Amino acid sequence: MNRATRKSVFDTVDAVLLAAGLLVLAAGQYLAFTAPPDVQQHYLIRILYVHVGAAWTAYLAFFVAMFYAVLYLWKQDPAYDCLSAASAEVGLLFMALTLFGGMMWARPTWGVYWTWEPKLTTSAILTAFYIGYFLLRQAIEDPEFRAKAAAAAAILGVVNIPINYMSVYWWRSIHQTATFDIINRKVHMDSPMVLAMLVNLVAINIIYVLFLRLKGKVARCAAQKEDWDE
Amino acid sequence: MNSSLGVFVTAVYAATFVLIFGYGAYLLWRLGVECEG
């Protein structure tokens, strides 16, 4: 493979996103580790700076997967199916990070890694749904039928997101309410903590866009190979 | 900071970044296999 083709696979936009992601992530870590401790959670609050950003990015990724699924059904272009699957996969990664961070925070705070309270239960359902999405893709051999079935699943999947977000308001339990409370338009944090959380959120979103681009390219190349093999 | 709590929080961050950068490295490897192979 020549140098020009190699450059076109990981292009300038990817390089800029990688550099920006690393820089903003470094700034986010500095802010996270210099922000004051919480009155009740002490330094455990630092886990939430990544946990919340990962959760919001997972939500975004699943909405983007739905957006490309709708585009696929409308335009019938396989490239949109590749991007929909790519966004769902990256969303699943950030959902896994959300669950991991949440469990690590819960053990010293609640005394258990996991409890079947509404927020955690709806998060588990959301994660299981997108694992099912990939099992569905694996189970169907015909590329066109697979793309249509996956598009339907990606559209259906986002129904879980408002339920997951609203669960802390609809069924009050031990999980705290949203840090960025978009229902009551309040932020339940002091300024240095909000800044650390927002900068980490921006960093994770830049990384998400980079991963989406890279995974989209991998999926398109794999789809082309599948076409050649038939 | 309580030292054991500090180690715990740092370990959680380290594991998080291992997962993120690990996935990034996996994507770059797949990019080489699928698009340049």
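H188(A) is found in the loop between β2 (186–187) and α8 (191–229) of chain A. Helices (H or I, at least four residues) and strands (E, at least two) are DSSP runs, numbered from the N terminus. With 13 C-beta neighbours inside 10 Å, H188(A) counts as partly exposed. In this report a residue is buried if 20 or more other C-beta atoms lie within 10 Å of its own, exposed if 12 or fewer, and partly exposed in between, with C-beta atoms placed from the backbone. Not counting residues up to four places away in sequence, H188(A) touches T179(A) and D181(A); two residues are in contact if their C-beta atoms, placed from the backbone, lie within 7 Å. The C-alpha atoms of H188(A) and R213(A) are separated by 34 Å, and these residues are 25 residues apart along the chain.

The structure is a predicted model, in which local features need pLDDT of at least 70 and side-chain atom pairs count only at pLDDT 80 or more, while totals for chains, interfaces and linings use all residues. Residues are numbered from 1 along each chain as its sequence is written, and chains are lettered from A and ligands numbered from 1 in the order in which they are written.

W105(A) lies in helix α4 of chain A and counts as buried, with 20 C-beta neighbours inside 10 Å. Leaving aside neighbours within four places in sequence, W105(A) is in contact with L44(A), I47(A), L48(A) and H51(A). W105(A) and L48(A) are 57 residues apart in sequence, yet their C-alpha atoms are 7.7 Å apart in space.

**Positive phi values**

Most residues other than glycine have a negative phi. H42(A), a residue other than glycine, has a positive phi near 50 degrees. H42(A) is placed in the loop between α2 (12–34) and α3 of chain A and is partly exposed, with 15 other C-beta atoms within 10 Å. Q76(A) is not a glycine either, and its phi is positive at about 60 degrees. Q76(A) lies in the loop between α3 and α4 of chain A and is exposed, with 12 other C-beta atoms within 10 Å. Just after α4(A), G111(A) takes a positive phi of about 90 degrees.

Two helix pairs are set out below. Axes are lines fitted to C-alpha atoms, for helices over the stretch in contact, and angles run from 0 to 180 degrees between N-to-C directions.

| Helix pair | Angle and axis separation |
|---|---|
| α4(A) (residues 78–110) and α6(A) (residues 143–157) | about 45 degrees; axes 10 Å apart |
| α5(A) (residues 118–139) and α7(A) (residues 160–170) | roughly 165 degrees; axes come within 8 Å |

Angles under 35 degrees count as roughly parallel, over 145 as roughly antiparallel, 65 to 115 as roughly perpendicular and the rest as oblique. Accordingly, α4(A) and α6(A) are oblique to each other, whereas α5(A) and α7(A) are roughly antiparallel.

The crossing of α4(A) and α6(A) is left-handed, as is that of α5(A) and α7(A). A crossing is left-handed if the near helix is turned anticlockwise from the far one by less than a right angle, and right-handed if clockwise.

Ala, Val, Leu, Ile, Met, Phe, Trp, Tyr, Cys and Pro count as nonpolar, Asp, Glu, Lys and Arg as charged, and the others, Gly among them, as polar.

In the second pair, α5(A) contributes P118(A), K119(A), T122(A), S123(A), I125(A), L126(A) and F129(A), and α7(A) contributes N160(A), I163(A), N164(A), S167(A) and V168(A). By class, the contact of α5(A) with α7(A) has six nonpolar, five polar and one charged residues.

**Chain B**

Chain B has one helix and zero strands, and buried residues make up 19% of its 37 residues. Its contact with chain A takes 16 residues from chain B and 23 residues from chain A. On the chain B side, the residues divide into ten nonpolar, three polar and three charged.
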